[in-house]
Amino acid sequence: MIKAIVFDMDGLLFDSERIVKRSWDIAGEELNMGNLGEHIYQTIGLNVNGRRAYFAKALGSDFPFDDFASKTRLAFGEIANREGVPLKEGALELLQYGKEHGLKMAVASSSRRAYGENLLKSGGISDFFSVMVFGDMVKRAKPDPEIYQRACSLLKVEVSQAIALEDSPNGILSAYRAGLAPIMVPDLVEPSEEVRRLTKAVLPTLGEVKAYLAAEAARSTTR
């Protein structure tokens, strides 16, 4: 029986990955390195240390990652302040469904805590979550299972009683390895057949997740 939902954040609850991509292009231009936004497709789901390692491997050990990260944060903030960071389709409806049906809810995001808490608060949804675990609060990043194991421990639910909602292959691997039931709602990256085999479902929107959970709940009452 499902007792908890653990949510990824960027690209899942918020349509933020496209803004990240734009901010990477801006930072790349400022560093005279051209558009760097295309690298997001290889780094979705990684925390800051994972991204640092990726850029060192992809662009060389002398890649100025700290300067790049500082410039991307500034560019992201300017875009977010100017345009906002919209919730993904069906996000609020799913959160309300979870609250109404007594499901425990947590965030397990690879993003930094300060950024994540601010985004959830500014998006008006932070109060839905009793637990928030961010990338700088764990030792090992997705696809390692640590972040999902910790979220379930703090929620005080067994991993087998929780579903994980993710938009990235790294996130699906993390949740699967932790023992949760992963559901993928793709954003910038579509799942491979290998990733699909690890999921309970691949659904187009969070609204479809709500319908899926309602159908599962109805089936469980008739068993």
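The model is predicted.

**Sheet**

- Strands of a sheet pair through backbone hydrogen bonds, in either a parallel or an antiparallel sense.
- Strand 1 (residues 4-7) is joined to strand 4 (residues 162-166) by four bridges, in the parallel sense.
- Within this pair, valine 6 faces alanine 164 of strand 4 as its opposite residue.
- Strand 2 and strand 3 run parallel and are likewise joined by four bridges.
- Here alanine 108 stands opposite valine 133 of strand 3.
- Between strand 2 and strand 3 the chain passes through helix 6 (residues 113-122), giving a β-α-β crossover that is right-handed.

**Helix 7 with helix 8**

- Two packed helices are described by the angle between their axes and the distance between the axes.
- For helix 7 and helix 8, the axes come within 7 Å and cross at roughly 55 degrees.
- The two helices, helix 7 and helix 8, are therefore oblique to each other.
- Helix 7 passes helix 8 in a right-handed crossing.
- On the helix 7 side the contact is made by Ile147, Tyr148 and Gln149, and on the helix 8 side by Gly171, Ser174, Ala175 and Ala178.
- By class, the residues of this contact between helix 7 and helix 8 are four nonpolar, three polar and no charged.

**Helix 1 with helix 4**

- The axes of helix 1 (residues 17-30) and helix 4 come within 8 Å, with a crossing angle of roughly 130 degrees.
- That angle makes helix 1 oblique to helix 4.
- Helix 1 and helix 4 form a right-handed crossing.
- Helix 1 contributes Ile19, Val20, Arg22, Ser23, Trp24, Ile26, Ala27 and Glu30 to the contact, and helix 4 contributes Phe68, Lys71, Thr72, Ala75, Phe76, Ile79, Arg82 and Glu83.
- The contact of helix 1 with helix 4 divides into nine nonpolar, two polar and five charged residues.

**Helix 3 with helix 4**

- Helix 3 (residues 48-59) and helix 4 (residues 65-83) have axes that come within 11 Å and cross at roughly 125 degrees.
- Helix 3 is therefore oblique to helix 4.
- The crossing of helix 3 with helix 4 is right-handed.
- The residues in contact are Val48, Arg51, Arg52 and Phe55 from helix 3, and Phe65, Asp66 and Phe68 from helix 4.
- In the contact of helix 3 with helix 4, four residues are nonpolar, none is polar and three are charged.
- Phe68 of helix 4 takes part in the contact with helix 3 and also in the contact with helix 1.

**Backbone**

- Most peptide bonds are trans, and most residues other than glycine have a negative phi.
- Lysine 142 and proline 143 are joined by a cis peptide bond, with omega at about 15 degrees.
- Proline 143 sits in the loop between strand 3 and helix 7.
- Asparagine 32 is not a glycine, yet has a positive phi of about 60 degrees.
- The loop between helix 1 and helix 2 (40-43) holds asparagine 32.

How values were computed:
Residues numbered from 1 in each chain as written. Predicted model: local features only at pLDDT ≥ 70, side-chain atom pairs only at ≥ 80, totals over all residues. Heavy atoms only, no water. Pairing = 2+ DSSP bridges. Right-handed = clockwise from strand over helix to strand, strands pointing away. Axes fitted to C-alpha atoms, helices over the stretch in contact; angles between N-to-C directions. Parallel < 35°, antiparallel > 145°, perpendicular 65-115°, else oblique. Left-handed = near helix turned anticlockwise from the far one by under 90°. Contact = heavy atoms within 4.5 Å. Nonpolar A, V, L, I, M, F, W, Y, C, P; charged D, E, K, R; others polar.
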